[in-house]
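Thanks for coming, everyone. Let me put the structure up, and then we can walk through it together.

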Amino acid sequence: MEVGFGFWASKVLLSAVEIEVFTELAKEPGDLETLKTRLGLHPRSAQDFLDALVAMGFLYREGKIYHNSPDTDMFLDKRKPSYIGGILEMANNRLFGFWEHLTEALQTGEMQNEAKGGENFFATLYADRDRLKEFLRAMSGVSRGANICIAERLPWSNYKSFVDVGTAQGDLAMQIAKANPHLNGIGFDLPVVAPVFEDYVAEHALSDRIRFIGGDFFKDDLPNADVILMGHILHDWSLEEKKILIRKAYASLPENGILVAYDALIDDERSKNLFGLLMSLNMLIETQAGFDYTGAECCQWMKEAGFRETRVEHLIGPDSIVVGVK
C-alpha cells in the first residue's frame with residue numbers, strides 16, 4: 001500500500017519545491033497563518049500540506065513555528081549553491097505526467113515523452129529554450145553529489161586536461177576545475193547549450209580554465225584530453241550507440257589516458273540498486289533505445305574497445321563510475 005500510493009508523498013514534495021516552500025523557510029521560519037500568506041496557500045489545505053512535510057521529515061515544527069530540516073535547508077533552498085532541486089522541478093513538470101503511461105511503454109517499448117511518435121528526444125527538448133534550461137539545471141541537480149566525489153577522488157595530479165562529454169550546464173567540469181587548480185577543461189555538447197554553460201562557468205569564475213566546444217558526439221570526433229568523462233550519458237543510448245561512444249573516447253585519449261563513465265549503475269546481481277533499475281525504466285519513458293547497465297557490462301564494453309584496464313568504484317547514493325585506462 002505504501003508503494004502503491006507513493007505518488008501521494010512524491011507529489012507533496014514536488015509541489016513544495018514548485019511553490020518554493022524550502023526557499024521561503026530558509027529566509028525565515030514561520031507559523032501557519034504567516035505561511036499561508038507567504039506561500040499563497042488556501043486555508044483548507046495549508047495545515048495538512050505543511051504537516052505532511054513534517055511527517056515526512058522535510059520540515060520540523062517547534063511549537064507553532066515551521067522550520068526546514070537540515071537536509072532541505074541545504075539542498076532545496078534555491079539561493080544556495082548546494083541546491084539540487086532542479087531535477088525535482090523537472091520531475092514535477094515533465095516526468096510525473098509521462099510516467100502515467102508506463103504500462104503503455106512496457107507493452108510497446110516506445111518512449112512516452114515530448115518526442116513520442118519517434119522524434120529525436122534531445123532535438124525536441126532542446127528546441128524549447130525554457131525546457132532546455134530546466135533540463136540542464138536538472139542534470140546538475142541529479143549529478144552534483146557524484147560530480148563532487150569525482151572532483152575529489154580521482155588521481156587528478158596525474159593529468160593536465162579533461163573533457164566533459166554531454167556537459168549540460170557544466171557542473172561536473174566546474175566541480176573538477178574548482179577542486180584542481182592545475183587542470184584545464186572542455187565542456188562538449190550540442191551548440192545550443194553554449195550560453196547556459198558559459199554563464200554557469202562564468203558565475204563560478206572559471207572561464208579562464210574551462211571552455212565550451214559545440215558538436216554532436218555521434219557525428220564529430222571528441223576533443224582530445226587526458227581524461228574523458230561521460231556523466232549520465234551512456235544510459236541514454238542503445239547498446240551499439242554506447243559502444244560507439246566508448247570507441248570514440250578511446251580514439252581521443254592518449255596512452256594512459258582514462259575514460260570515466262558514471263550512471264546509477266545496476267548492481268551485477270540486478271537485485272539491490274532499485275534506483276538504477278527505476279532509472280532504466282525512466283530511459284524507456286524518455287529515450288528511443290536507452291537503458292541502464294551493470295558495472296560488469298560496461299567493463300566488458302570498454303575492454304572490447306581496447307582499454308587495457310577497467311575498474312568500478314562506488315561514488316555516492318546510487319551512482320558509481322567505471323574507469324577505463326588506455
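Where is the place of Arg 270? Arg 270 sits in the loop between β8 and α13, and α13 runs over 274–286. Keep in mind that this is a predicted model. The phi of Arg 270 is near 55 degrees, which is a positive value in a residue other than glycine. Is Arg 270 buried or exposed, or something in between? Its relative accessibility is 48%, so Arg 270 counts as partly exposed. The cut-off for exposed is over 50%.

Asn 256 has 42% relative accessibility, so it counts as partly exposed.

Now the overall picture. The secondary structure comes to 14 helices and 10 strands. The C-alpha trace spans about 65 × 50 × 35 Å along its principal axes. Why call the radius of gyration that of a compact globule? For 326 residues, the rule for a compact globule gives a value near 20 Å, and the protein has 21 Å, so the two agree.

On burial, 51% of the 326 residues count as buried. The accessible surface comes to about 15500 Å². Carbon and sulfur atoms hold 53% of that surface. Then contacts. Take those with a separation of 6 or more: 66% of them join residues 24 or more positions apart.

Next, the second largest pocket. Its volume is about 440 Å³. The lining has 20 residues, and those closest to the pocket centre are Arg 137, Arg 144, Gln 169, Tyr 200 and Glu 203. Which elements supply at least two lining residues each? They are α6 (86–98), α9 (129–153) and α11 (194–203). The largest share comes from α9, with 6 residues. By class, the lining has 10 charged residues, 5 polar and 5 nonpolar.

Thr 167 is in the loop between β4 (161–165) and α10 (171–179). At 5% relative accessibility it counts as buried, because the cut-off is under 20%. What does Thr 167 touch, leaving aside its neighbours within four places in sequence? The contacts are Ala 173, Gly 187, Phe 188, Asp 189, Phe 197 and Phe 212.

One of those contacts, Ala 173, is also among the buried residues of α10. The helix α10 is mostly covered, with 7 of its 9 residues buried. The buried set is Asp 171, Leu 172, Ala 173, Met 174, Gln 175, Ile 176 and Ala 177. A word on helix geometry here. An α-helix has 3.6 residues a turn, so residues three or four places apart point the same way. In α10 the buried list runs from Asp 171 through Ala 177.

Now the other end of the numbering. Ile 19 lies in the loop between α1 (6–18) and α2 (21–27). Its relative accessible area is 32%, so Ile 19 is partly exposed. Setting aside its neighbours within four places in sequence, Ile 19 is in contact with Leu 39, Leu 41 and Phe 49. Pro 43 is 24 residues from Ile 19 in sequence. In space, the two are 16 Å apart, C-alpha to C-alpha.

The largest cavity has a volume of about 30 Å³. Its lining is Ala 16, Val 17, Glu 20, Val 21, Phe 22, Thr 23, Leu 76, Lys 78 and Tyr 83. The elements giving two or more residues to it are α1 and α2. The largest share, 3 residues, is from α2. By class, the cavity lining divides into 6 nonpolar, 1 polar and 2 charged.

Over to you for discussion.

Terms used. Residues numbered from 1 in each chain as written. Predicted model: local features only at pLDDT ≥ 70, side-chain atom pairs only at ≥ 80, totals over all residues. Heavy atoms only, no water. 1 Å grid on protein atoms, 1.4 Å probe; cavity = no way out; pocket = protein on both sides within 12 Å on 5 of 7 lines; lining within 4 Å. Points joined across faces, edges and corners; volume = space filled by probe spheres on them. Helix = DSSP H or I, 4+ residues; strand = E, 2+ residues; numbered from the N terminus. Nonpolar A, V, L, I, M, F, W, Y, C, P; charged D, E, K, R; others polar. Buried < 20%, exposed > 50% of the residue type's maximum accessible area, 1.4 Å probe, protein only. Rg over C-alpha atoms; globule rule 2.2 N^0.38 Å. Contact = heavy atoms within 4.5 Å. Areas by Shrake-Rupley, 256 points an atom, 1.4 Å probe, with all protein chains shown as cover.
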